Amino acid sequence: MCQLLGMNANTPTDVMFSFTGLATRADEHKDGFGISFFEGRGLRLFADPHSARESPVAELIKTWPIRSDNVIAHIRKATQGRVALENTHPFQRELWGRYWVMAHNGNLVDFHPRLHGAFRPVGDTDSERAFCWLMQELAKAHAGVPAIDELSCTLAELMPQLHRHGTFNMLLSNGEALWAHASTHLHWVVREHPFQPVSLRDEDLRVDFASVTTPADRVAVIATEPLTADEAWTAFAPGELRVFENGRSRAVC
């Protein structure tokens, strides 16, 4: 099973602590990793088909405090598609003049939708096909950029069509919000004032967030499995879709 990590915040925040916890899990998920950072309308995306335990790109991310309000990361255990850069998540596309990024954990069986020229996969994974199909269906449903709530409702209508083909745990963002859908394993937590010291589950690392935040800061973190040992993570229900804005979470439609 691949591992997902998402972060949504009300102010640009670095994700080094959570990414360190995610990368530790690359012993079993060694078929590549990727991470994307939104900065306004811009996007930084780093990907490597090598394990995050061994990749110099991963070491760069751990030590370079890039600050972003929407982050999506993924470490891969291949199910469909060979181990190659073009099959490494997250995937990126443009729609309505904004970058979109998606990462997927799961396996979609017999999912071969008809795709038109605007959205075609470069690699050969079920995940990228699903992303292209989602972008195509969103473009068909809305002539222009819809509001976040309207987008959320459209995504809620589309999710069951993917869910019926197998496991579809997903993180999706356009830099304005972050959507998370769970078929099986996905958890979330919100960090806000009063901040407490937090320890990673899989690495001997502890951070006192009170020393690096302000009382106005708020950060939501989404992960396949809880990354920390001393926070109250909430499990998604099967089939649940949530949207995260400014570090706040709410169920969709």
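Tutor: Start with an aromatic cluster: Phe-37, Phe-46 and Trp-64 form it together. Keep in mind that this is a predicted model. Across the whole structure, a search finds six aromatic pairs. Take Phe-37 and Phe-46. Their ring centres are 6.3 Å apart and their planes stand at 80°, so this pair is edge-to-face. Phe-37 is buried, and Phe-46 is buried too.

Now look at Phe-111 and Trp-133. Their ring centres lie 6.0 Å apart with the planes at 90°, so this pair is also edge-to-face. Both Phe-111 and Trp-133 are buried. Phe-111 sits in the loop between β6 and α3, while Trp-133 belongs to helix α3, so the pair ties together parts that are 22 residues apart in sequence.

Six strands make an open sheet in the order β5-β6-β7-β8-β14-β15, and the pairing is antiparallel. On average, neighbouring strands are turned by 25° against each other, direction ignored.

Zoom in on one pairing. Strand β6 (residues 98–108) and strand β7 (residues 166–173) are joined in the antiparallel sense over eight bridges. Val-101 has Ser-173 in β7 as its bridge partner.

Two helices pack on this sheet. Helix α3 (residues 126–141) touches β5, β6 and β7. The direction of α3 makes about 130° with that of β6. Helix α4 (residues 148–163) touches β6, β7, β8 (178–181), β14 (241–245) and β15. The direction of α4 makes about 150° with that of β14.

Definitions and conventions:
Residues are numbered from 1 along each chain as its sequence is written. This is a predicted model: local features need pLDDT of at least 70, side-chain atom pairs count only at pLDDT 80 or more; totals for chains, interfaces and linings use all residues. Side-chain values use heavy atoms; hydrogens and water are left out. Two strands pair if DSSP finds at least two bridges between them. Helices (H or I, at least four residues) and strands (E, at least two) are DSSP runs, numbered from the N terminus. Axes are lines fitted to C-alpha atoms, for helices over the stretch in contact, and angles run from 0 to 180 degrees between N-to-C directions. Contact means heavy atoms within 4.5 Å. Rings of Phe, Tyr and Trp (its six-membered ring) pair if their centres lie within 6.5 Å; planes under 30 degrees apart count as stacked, over 60 as edge-to-face and the rest as tilted. Buried means under 20% relative accessible area, exposed over 50%, partly exposed in between (1.4 Å probe, protein chains only).
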